[in-house]
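Subject: Structure handover and notes

Dear colleague,

I am passing on the structure below, followed by an account of what was found in it. Please read the notes with the coordinates open beside you.

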Amino acid sequence: MKKRIDNILNRISDAAARRGIRGSDVTLVAVSKTFSADDIYEAYEAGLRIFGESRLQEANEKIASLSNLSDIKFHMIGHVQTNKLKLLGSNFSLIHSVDSIYLADKMNRYFESLGRVQEILIQVNLVNEPQKHGIKTEEIDLLINSLADKKNIIPRGLMFIPPFYDDPEKNRINFRNMNKLFENVKVKYQFLKDFNILSMGMSDDFEVAIEEGSNMVRIGTAIFGRR
Ligand SMILES: *Cc1c(COP(=O)(O)O)cnc(C)c1O
């Protein structure tokens with residue numbers, strides 16, 4: 001696994017260099033969904049610190065069993081159902097998948113009840129794919145405006161899952177348009193402080209995503225193997 005991780009880190013650095021930034025400017029989230037706590041520990045020993053999970057129950061079991069590692073962090077990258085909010089607790093340093101005013105309202109109230117301030121990303125359905133989660137671009141202004149007076153969820157940026165293509169080059173234009181949207185939102189909404197995360201890029205397309213502006217990649221298969 002160490003070899004695979006080193007290979008990914010080198011490819012991240014190379015892609016970052018092509019955009020004129022450093023490899024360390026790109027955060028690697030190792031997507032450990034379906035893999036065991038032992039697998040996560042192996043990746044931790046190889047130097048990784050941030051892990052992405054998509055199912056809350058599964059995540060919480062692993063998080064509990066790794067709680068002796070004080071500097072490990074978990075991100076929630078999957079869809080969050082409002083009836084499962086109570087499984088979030090303070091387990092996640094970042095939630096990538098806020099995609100509606102309804103969810104944002106419920107989540108804010110939940111974290112208010114915990115006395116916790118939770119950092120989140122807004123998941124965008126850029127090209128209006130019908131079965132995909134994410135806020136449509138024409139509804140993003142309403143969602144962001146609704147976040148202005150929410151004290152317990154802090155928007156840190158945008159997250160994007162592109163349409164599936166065999167050739168990652170086909171998504172270059174979508175990654176580029178996500179970056180434009182990200183830059184526009186930053187300029188338009190002055191209340192957004194530290195709105196500086198653009199989460200896009202997975203095992204098969206992270207280099208293109210970084211070249212087009214991503215600064216957080218979510219990589220599973222290329223680190224842990226096939227699920
Ligand atoms: C599973 C998953 C990934 C990782 O995908 P790989 O192709 O295995 O790298 C990234 N992001 C999200 C939201 C996922 O659910």
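A compact globule of 227 residues would have a radius of gyration near 17 Å, and the protein agrees with this because its own value is 17 Å; the radius is taken over C-alpha atoms, and the globule rule is 2.2 Å times the number of residues to the power 0.38. Please keep in mind that this is a predicted model, in which local features need pLDDT of at least 70 and side-chain atom pairs count only at pLDDT 80 or more, while totals for chains, interfaces and linings use all residues. Residues are numbered from 1 along each chain as its sequence is written, and side-chain values use heavy atoms, with hydrogens and water left out.

Overall picture

Taken along the principal axes, the C-alpha atoms fill a box of roughly 45 × 40 × 30 Å. The protein contains eight helices and nine strands, these being DSSP runs numbered from the N terminus (helices are H or I of at least four residues, strands are E of at least two). Of the 227 residues, 51% are buried, where buried means under 20% relative accessible area, exposed means over 50%, and partly exposed lies in between (1.4 Å probe, protein chains only). Among the contacts with a separation of 6 or more, 60% are made by residues 24 or more positions apart, a contact being heavy atoms within 4.5 Å.

The accessible surface comes to about 11,100 Å², and carbon and sulfur atoms hold 47% of that area; the areas come from the Shrake-Rupley method with a 1.4 Å probe, and for residues only the protein chains shown count as cover. There are 32 positive and 30 negative side chains, and the centres of the two sets lie 2 Å apart. In this count Lys and Arg are positive and Asp and Glu negative, with His and the chain ends not counted, and each charge is placed at NZ of Lys, CZ of Arg, CG of Asp or CD of Glu.

The nonpolar cores

The largest nonpolar core has 65 residues, and F51, L88, M107 and L158 have the most contacts inside it; such a core is a set of buried Ala, Val, Leu, Ile, Met, Phe, Trp, Tyr and Cys residues joined through side-chain atoms within 4.5 Å. Apart from it lies another core, of seven residues, including I50, L94, I197 and M216. Leaving aside residues up to four places away in sequence, F51 touches V29, A30, S32, I40, A43, Y44, I72, K73, F74, H75 and F224.

M216, from the seven-residue core, is found in strand β9, which covers residues 216-219, and counts as buried because its relative accessibility is 4%. With residues up to four places away in sequence not counted, M216 touches V26, T27, V29, H75, L94, H96, I197, L198, S199 and M200. Its C-alpha atom is separated by 30 Å from that of S113, which is 103 residues away along the chain.

Other buried and partly exposed positions

A209 sits in helix α7 (residues 206-211) and is buried, with a relative accessible area of 0%. Beyond residues up to four places away in sequence, A209 touches F175, M200, G201 and S214, whereas the C-alpha atoms of A209 and E53, 156 residues apart along the chain, are separated by 20 Å.

G134 lies in the loop between β5 (118-125) and β6 (135-136), and this loop residue is buried, with a relative accessible area of 15%.

E183, in helix α6, counts as partly exposed at 36% relative accessibility; E183 and A59 are 124 residues apart in sequence and 32 Å apart in space, C-alpha to C-alpha.

Two backbone points to check

T34 is not a glycine, yet it has a positive phi of about 70°. T34 is found in the loop between β1 (27-31) and α2 (37-45) and counts as exposed because its relative accessibility is 53%.

D194, likewise a residue other than glycine, has a positive phi near 55°. D194 is in the loop between α6 (172-188) and β8 (197-199), and it is exposed, with a relative accessible area of 54%.

With best wishes
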